Protein chains: 2
Amino acid sequence: MTPKRRGQAPRQSDVARLAGVSQSAVSRVISGDVDTARIPEETRRRVLAAIKELGYVPNPSARNLRNKRNMLIGVHTFEAVFPHARDNFYFDFLLGIEERAEETGFDLVLFTSTGAGDGRRRVYRDGTNRLNLADGSVLLGVSTDRAELARLWADGYPFVHIGRREVPGAEIPCVIPDYRSATNGIVDKLAGHGHRHFAYLREPKEMEPYADRRHGYREAVERLGLTDRSPGFRGESELTDDWIDEIVRGEETAVVSESVRLAEQLFQGLAARGVRVPEDVSVAVLEADWGGTSAQWDSLEIPRLAIGRIAVDRLIEMLDDPDQPATSLLVPCPIVPGTTIAAARQRRP
Amino acid sequence: MTPKRRGQAPRQSDVARLAGVSQSAVSRVISGDVDTARIPEETRRRVLAAIKELGYVPNPSARNLRNKRNMLIGVHTFEAVFPHARDNFYFDFLLGIEERAEETGFDLVLFTSTGAGDGRRRVYRDGTNRLNLADGSVLLGVSTDRAELARLWADGYPFVHIGRREVPGAEIPCVIPDYRSATNGIVDKLAGHGHRHFAYLREPKEMEPYADRRHGYREAVERLGLTDRSPGFRGESELTDDWIDEIVRGEETAVVSESVRLAEQLFQGLAARGVRVPEDVSVAVLEADWGGTSAQWDSLEIPRLAIGRIAVDRLIEMLDDPDQPATSLLVPCPIVPGTTIAAARQRRP
DNA sequence: TTGAAAGCGGTACCAG
DNA sequence: CTGGTACCGCTTTCAA
């Protein structure tokens, strides 16, 4: 037994022949512009049957050349997806994107070919934008090259970025975890437990998500009239032994940490000095706590799955109405109760 | 600042006009097949200059259309990918596929549209039809509808299946973990430790991968002149208490199990009867041991990542040469040393 | 209503 | 060597 011609996908003309109509009729049935080209139900049925029998699928490149929709949504990560998916980094985003894409009838193209060969991936290679194959794309990850984002935007390519990215001269449409509000909420919670003297632990990173946390934190401190004399609050990153000593000596009863990593480090340092969490010092973390650490941190949740879904919806909106302004979207981050916040205690009775 | 309108990119004809040559000359300069179309250095320079001046970049869709390739490789998993990836089932396969796709300049299309769906648009999306979107596809997963595979093959669609799948009347090109050889190797190893009387634990599954193990096992038993009177060897699945008793009473010193699950069950049963592994009975497992079980089984490794990569390479070969026979590929499974094989001991001194 | 035909941007074959 | 030209698969007028 021999297969048919190898690798020859059926074309519209094949469908047309089988259905006994012209090629353009097939095209009109598919494009489904009911108002523009009304097609008798009978013809329509025959075409659909032929399409199904042949397993016809429109050629994305040809369509693209003609500037119509492919029903393809691109996903561009700035690093390889799967190695990281395992670490849960891209995972839930992708899950949400996949779910929503399926629900809305889009297929997903994972753009992998744009690699520069060094593990980093770029959108433009040899000056061409591979993303063009898809109707629009969702971008995520650590974009090293802001200029690419700017160019993508300037080219008018429809895309949304997961996570806030600021590029001068461009308005990148983003779907953004609302770290600022969540941080306000977390400080509110601590203040509600009677805390007035705070310390802030800062990661040595300057990306937007951290800026948002810092912004929110400063807001809350000012709004509530709190005290914070920590280096982190002043803009110094990391956590020194000296400062841990200082916390132990000082009036601080609450610490807000940008990361589980720093919170852990603090926890160890305090434990070594006989200071307990949360009995003596309350601690909250401004990122999702994946568990498996020494404490169950009061923290925030990044609704990754929802964000993935929302990104797809946002992209489809942009596809439906290309002239729409490219606005960003904030997605609330729920505050997750842990076991590291307790009532403020008089530190030096 | 406003994004520019799409579709204003310079074309080859613009370049040609500026350089004062024909469009096809431009094409030849770009394609750069120096042997096929030698172009005078002077012309070449002018074209290159014009390209640079206009900022011309080739349109990938047009290229793909002409070359009858979309540089897209499909991945069909018969189930949603990401929920399962988490369980490590598809994961390393996908990782390998992604890696290799990136290296070879292909993008990935994830086909997940197995969904129900009775809407009109659904017609174009039912099942495997969508695969035609990609130049070719890698298929993996368990609940394979054999009829679909047959049709896909009959249609001449280029694809490879990860794992052996036999379909009457079709020659499915597969990338196959070589369970048969690995099983031979494992029995060799046991025999090398002096074992002569074997038992076989059989899973209640009839898919090709199990057939391969059974085939390999039978080969080894016959080749080495071993003894096996176990129900599993005769074709009965599962493990009964009676048979554990029988092993304890009998001459068997080596057990080969199709799964960690059955090996575990045996281990418990033997322990309850005061029989130790591997001191009294050696055990080997014919699947990958993910760890976390009561013993570190002597087992085999399924080189998932390598298989994913090989599948992509195999597919590209088929794309490059469509008339090539659709042969399958065996990938060796390394034997992983554990702590459950020891020298055969005189059972009843 | 429907089919013929003109491209979209490139590639590649084929006479000059 | 080179330019002319026939497609690639699809959308979209434009007549019939």
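**Entry 1: surroundings of the DNA.** I looked up which residues surround DNA strand C and found 25, the closest being A:P40, A:R66, B:Y56, B:R63 and B:R66. Of the atoms of DNA strand C that come within 4 Å of the protein, sugar and phosphate account for 56%. I note that the model is predicted.

Entry 2: I then looked up individual atom pairs in chain B. In the side chain of B:R63, an N or O atom is 2.6 Å from a phosphate oxygen of DNA strand C. For B:A62, I found a backbone N or O atom 3.3 Å from a base nitrogen of DNA strand C.

**Entry 3: elements.** Which elements give two or more residues to the surface near DNA strand C? I recorded α2 (23-31) of chain A, together with α2 (23-31) and α4 (60-67) of chain B. The largest share, 5 residues, comes from α4(B).

Entry 4: Rolling a probe the size of a water molecule over the atoms shows where empty space is left. I counted 2 cavities of 30 Å³ or more, and the largest cavity holds about 50 Å³ of space. Its lining consists of A:V57, A:P58, A:N59, A:P60, A:R63, A:N70, B:R130 and B:L133. By class, I found 4 nonpolar, 2 polar and 2 charged residues in the lining of the largest cavity.

Conventions: Residues are numbered from 1 along each chain as its sequence is written. Chains are lettered from A and ligands numbered from 1 in the order in which they are written. This is a predicted model: local features need pLDDT of at least 70, side-chain atom pairs count only at pLDDT 80 or more; totals for chains, interfaces and linings use all residues. Side-chain values use heavy atoms; hydrogens and water are left out. On a 1 Å grid over the protein atoms alone, a cavity is a set of points where a 1.4 Å probe fits but cannot get out, and a pocket is an open set with protein on both sides within 12 Å along at least five of seven lines; lining residues have an atom within 4 Å of a point. Grid points are joined across faces, edges and corners, and a volume is the space filled by probe spheres set on the points. Ala, Val, Leu, Ile, Met, Phe, Trp, Tyr, Cys and Pro count as nonpolar, Asp, Glu, Lys and Arg as charged, and the others, Gly among them, as polar. A residue is near a molecule or strand if one of its heavy atoms lies within 4 Å of it. A polar contact is a pair of N or O atoms within 3.5 Å; within protein, one must be able to donate a hydrogen and the other to accept it, and residues adjacent in sequence count only if both atoms are side-chain atoms. Helices (H or I, at least four residues) and strands (E, at least two) are DSSP runs, numbered from the N terminus.
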